[in-house]
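I opened this entry to look up how two chains meet and what surrounds one ligand. My notes follow the structure.

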Amino acid sequence: METSTSRVLTQEMIAEIQEMYKHFPVKSAACIEALKLVQKHYRWVSDQAVQELAEVLEMSADEIDGVATFYNLIFRKPVGRHVIMICDSVSCWVMGYEKIADYLKKKLGIQFGETTPDGRFTLLPICCLGTCDRAPAMFIDEDLHRDLKVEQLDEILERYP
Amino acid sequence: MERPLTEHIPLDGSWLRLKDYERVGGYQGLREALKLTPKEVIDRVKDAGLRGRGGAGFATGLKWSLVPTVDQIPQPRYLIANGDEMEPGTFKDRLLLEGNPHQLIEGMIIASYAIQADYSYVFLRWGYQFAEKALQEAIHEAYQAGYLGKNILGSGFSHELSVHISAGRYICGEETALINALEGKRANPRTKPPFPVVSGFFGRPTVVNNIETLSNVPHILSKGVSWYKSLSKCEDGGTKLYGVSGKVKKPGLWELPLGTSFREILEEYAGGMLDGYQFRGALPGGGSTDFITAEHIDVAMDYNSVPKVGSRMGTGTVIVLDDKTCVVGMVLNLEHFFAQESCGWCTPCREGLPWTEKLLLAIEEGRGRMEDLKIFDDLTRYMAPGHTFCALAPGAMEPLQSALKHFREDFERHIHEHRCPWK
Amino acid sequence: MATIYIDNVPYQVKDGDNMLSACLALGFNITYFCWHPALHSVGACRQCAIVRYRDENDTRGRIVMACMEPVVDQARISIESPEAKKFRTQNIESLMINHPHDCPVCDEGGECHLQDMTVMSGHNYRRYRFKKRTHLNQYLGPFLHHEMNRCIQCYRCVRFYNDYAEGKDFGVFAVHDDVYFGRFTPGVLENEFSGNLVEVCPTGVFTDKTLRKHYTRKWDLTNAPTICHHCSLGCNIIASERYGSLRRILNRYNGEVNGYFICDRGRFGYEHVNSERRIRHALKQDPAGQWQGMKTKQALAEIQQKLRAARKVIGIGSPRASLESNFLLQQLVGADHFYAGVSAKQAKLVQEVLHIMQNSGVRTPSLKETESYDAILVLGEDVTHTAPMLALTLRQAAKNQPKEKAKALKIAEWNDAAVREVIQGQKGPLFIAAPYATRLDDAARACHRAHPDVLAQLGFAVAHQIDAHAPTVETSGAVQAFVSQVAEALQAARKPLIVAGTSLMHEALIHAAANVALALKKLGKQSGLFYIVPEVNSLGLTMLGGQDLDAALEEVEKGGVDMAIVLENDLYRRLPAERVDRFFQRVPTVVVLDALANRTGEKAQYVLPAGTFAESSGTVVNNEGRAQRFYQVFKPHDDIRSSWKWLQQFVNDSALAQTNLDGVIIRLTAAYPDLKGILEAAPGADFRVGTQKIPREPHRYSGRTAMLAHIQVSEPKPPEDPDSPLSFTMEGYVGTPPAPLTPFFWSPGWNSVQSVNKYQQEIAGMLKGGNPGKRLIEASEQATMSYFTDMPTVSMPPNGQLSIWPAYHIFGSEELSAQSAPIQERIPEPYVAISTADAAKLQVNEGMRVQMQLNGTTIELTVQVRNDIPEGLAAIPAGWEAWAGITYPFFTTLNPIHS
Ligand SMILES: Cc1cc2nc3c(=O)[nH]c(=O)nc-3n(C[C@H](O)[C@H](O)[C@H](O)COP(=O)(O)O)c2cc1C
Ligand code: SF4
Ligand code: FES
């Protein structure tokens, strides 16, 4: 985890951000992309990252944080090594996602929005994943798991050490 | 039965590469379009009767014709393909993005030519990684082949296309909120007027169209207006992607003539209800449409017919309510979604939806009161179309108001029995 | 004009307006939150719902938001339809779901727009029965208190702070019913206009922390219409008192001056009135240096006796005292013995400004009018710090050209968000040439930083490029590029504006600005010329004439002056201490009239307790040449009185000695025909509505019989005010008084400041009966002023020395506000700012302590190394007590302190 003395944004990241805003009339247009880039590297976006982005994008930290806190998938608090996002929208609800969620909460000993004490998993509800014909569904990191059954869950979790 | 949008999508889960796309007639529509004037392209799309597949069903050619000419407002001008697809129960654009990205790209280039846009973007929801990868590679192929970039196919028309991945919010699908998101801002919707066709992305003329809408365009240009119209069973042209989710035998997605009946979709394609479950109702076009019930089962799924039974075509992806599922719980789930996804800009939605959600939760948990139903009547009227800043909250009211109309006794039972009868 | 039908009755309204503004102007009551007359419409709150009908056959109509609905001829709407009323009620019901209902303990209570709108909408009882959403509050600095739970998410705060004032350290966070308005991290709100959030916020989220420290319910305040005394712009304000202390300042709308807003110095700089350093009784210093208090009567007798005995008495006036006080001093000592009380250099600068205003034929716009110019050159002023509100108006003006694009797309000007989306932060032709970075630079299209001499040359060069007949000047390449850019933009504009002022104490800059304006005028442009002068009444004092303070000291040096009267003036802020010390050594009897203890008072033989603006009435003339009347807020319990009232006791003219303010003004205008206009600045003391005076207290005022019951049970007779038609009571005319006499804004159903809508002829336009104040100087068509030719050469310091210039600070540079506790929290530490190059040469670093010799004394400063400062220059904060009296520029060395 970064400390306040070291910079969050590396030269390469800054170069990448500069590449992003090149195509737009104003630098601030790259704000969301830049936040995602930071998150790709650190899994979440710290206050310091917001402040450093403010310099690069010629925006105020307030403005960037206003954007960051608007969107679902920008994490402004640390998350675990793996983020489980279970769809809680209507088709998955009809198909019984709650059983899946309850099982995971019990097994991991955490509620939605929490991270396991060992920092392995963060559990989040998420809205419709666009795979309603194969409900219930969840993401773990970048992987989509569909047609979920409670029985498979242990095995799935094992794939994420 | 012809399925121009989906017939060439490989069945092995891969996507249609440029070579294969070209072999089945790909980019012929673009070649045809570049022989015409922009206005002639718009007229063809108008004549074809293509209506927007994003939910509102606005006539596509008409939308394009509202863009001022280049003489009136010079470039830069923009086209945006709306691939946000976050409406609950909706999973149709995914197939087109993952299986046939060149079809979309071709449609975008033609649309851009028609409105003389020099830039276009695909605004893609998060979590469609495969679609993103396919799209990025396809764009690269299209640049290599000279379909994108400077002086496309020697026509003098130049165009750049790129992809933006959303950081996640349902409201980003609303076209003006989408524009704000693309500008790197909070995705609050914008005032209309001015409409994006006049002042959109960075204050420039901008057209926003759905992925499916744009995927239709190459076929209109390459195979002609009358062919396109003949695909449909109703006055509007083309095929439509219909999907079904819920307790049916074969949940899925099918390209069928526009105007196919609801019964046919449910019984023939989705295979009817799972054994032991009865059909009670359905949201015909995503989470923000009104319930229809068994008595409406023969309705033709098109833009003009569904309203006659008190609902909307929406996205054409059906969510089925069965007899073992609590309708109050289902509506509660939907209202929770809408309350969470409210952008927080206008009062009725920001405050009214959480109230709605809390009332539903109270009823579902057996803490409801009969007066609550009166409050629902007030809230649904309060958040009616035109009353809020954008269409999110009115959409959110559709499942609630129709559930109250068709399934009122379910609500009353919860209240009288102080519990959920389905639990 | 358009005809619209409101509930079937036809009305004539202004074309191009929106329905909300049109209906409010007609006097209708419609509830609203997100709309603000200066911030316009965004349609977010949905509170202003009305029904709009297609035509006369349409009986159903549809709900629309009045603020987003354009006025078009023959439009038909209903405010009263049951559907619209129900919607408005429901909307408030929703808004109140999460509101804490803490009205009894809320600072906003009784003056709350949310309260008013709730009552107006008819929403009474809660149906919502669930838990409320709660938020944490933030520390926002010494001015504002934050209470987020009261928020109704109207977004006005961000729209004012970020969009209008262009502040950077504030914003909106999160989504849905969680949206939060505040800072990224808790901390001081930095924007100089943050205090307006108090008025912009329709409820109690942002409240005045200074009022909170001595809170009183708002209907229990005694109020007076007055003028901010903290800079030369003369913003109109309302000042309010309870129990003998000043409690708060609010903006007082003036359609030509400050409009809806004031700066934080004006709003929070009032606490000096309540200062422990106030002089409350007459004081006398004996030869041994002992001070003793005196009864007023005895002090008067002694001073009168001294005056009779004195052979030569001189009077030293003041630019922070009223015209009336200065005039009476002049009457007392005679015109030849009256000195204006500012240094020769300062006096000359303001005289030049006045001369140009009177003779150039170029219009001096009002403050509000500066918003209407479409290209602007600011020459040598850091306006945010020298005339704060001008920075706010220039920010709006800088948008005029970009806004043309929106107009071309037929987007109504009030469609605020849509207009901003079209202009997308583009900057209009605002150019700033200053010695260092200014707080307005972020709004400018281009800035140039150079030595003030170079800036003056630059101004001359711009004039020359516009009109070849204007004197030529040699400039360097870098300057020339900027000159061409500016000249072209000014020439292309319809209404170009030149802003300059006295802050750098540089006469050629003032002349250069005049040349540019003259050149533009010759081109046939409607050019404007806006000079900033040092103090609230600098221009008025200059119009009274009189010699300067240097001349007074020379006179004293000659000998024979045995008595001097110093009016509201700390001479140590005017000239170097050693020279002022000489003055006190040479004059045996000095009488000082002032409000606060200061070095000048300490040296005097007699000190009389003068009223501040809050305890006096009088007239001041702002930088525009607008005479404005300010009124006493309350009658102090002690011996404090207006300076002019003290001086009346000494004049040898019984008629003048006995008259009220009007009598003084009549005499003054008889002596100074140029000032005749001040008679029209406000109605005289005998003005009545019918037979009624205008009450300073609202009719809801409470506790009058109880306030002093612990001292005396019988209710004391309220004080009389012979000088104005305002009474110190709650009895009198309830209604809209003439604008200059408006002590507070109130209208039935409208207890908040939003009631100002009811006082205007049209929304955001002129007040009913005309805006307060009278312009004394108008540009004459016949003016034939020729170009100035006194182009300076650049004078650089000898090797090893720096040329020191003043840097102004909104918080700290002005004498009185700097004595207010909340302001003091915002005053920067003493510093000297130098260029990177000089830092290297002198081998000093950022943060290092250095010494500087200043007229014989040594001061210590912290070094700021900045790349916006030109080589050879240094800046120190202007007006700091220890060196307020020095004259800029001067050459000196910096000596690092090695610990
Ligand atoms: C809350 C909300 C969400 C929306 N989401 C989507 C979406 O995910 N995809 C989409 O194409 N249109 C969506 N729309 C509709 C768009 O605003 C817009 O009408 C559409 O993209 C236009 O494309 P079309 O004319 O091709 O249908 C949404 C509208 C609202 C009000
Ligand atoms: S209805 Fe209002 S609050 Fe809801 S999403 Fe639309 S603009 Fe935002
Ligand atoms: S005042 Fe009209 S919507 Fe807020």
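How many salt bridges does the rule find across the interface of chain B and chain C? I noted four salt bridges there, a salt bridge being a side-chain nitrogen of Lys or Arg within 4 Å of a carboxyl oxygen of Asp or Glu. One of them joins B:D378 to C:K86, with the closest N and O atoms 3.0 Å apart.

The model is predicted, so local features need pLDDT of at least 70 and side-chain atom pairs count only at pLDDT 80 or more, while totals for chains, interfaces and linings use all residues. Residues are numbered from 1 along each chain as its sequence is written, chains are lettered from A and ligands numbered from 1 in the order in which they are written, and side-chain values use heavy atoms, with hydrogens and water left out.

Next I looked up the extent of the contact (heavy atoms within 4.5 Å). Chain B gives 43 residues and chain C gives 41 residues. The buried area, meaning the accessible area (1.4 Å probe) that both parts lose on being put together, summed over both, is about 3500 Å². Carbon and sulfur atoms give 54% of that area.

I then sorted the chain B side by class, with Gly counted as polar. The residues there that touch chain C are 18 nonpolar, 11 polar and 14 charged.

Last, I checked ligand 2. It is surrounded by 13 residues, each with a heavy atom within 4 Å of the ligand. The closest are B:C343, B:W345, B:C346, B:C349 and B:C390. This shell has 10 nonpolar, three polar and no charged residues.

Methods:
Buried area is the accessible area (1.4 Å probe) that two parts lose on being put together, summed over both.
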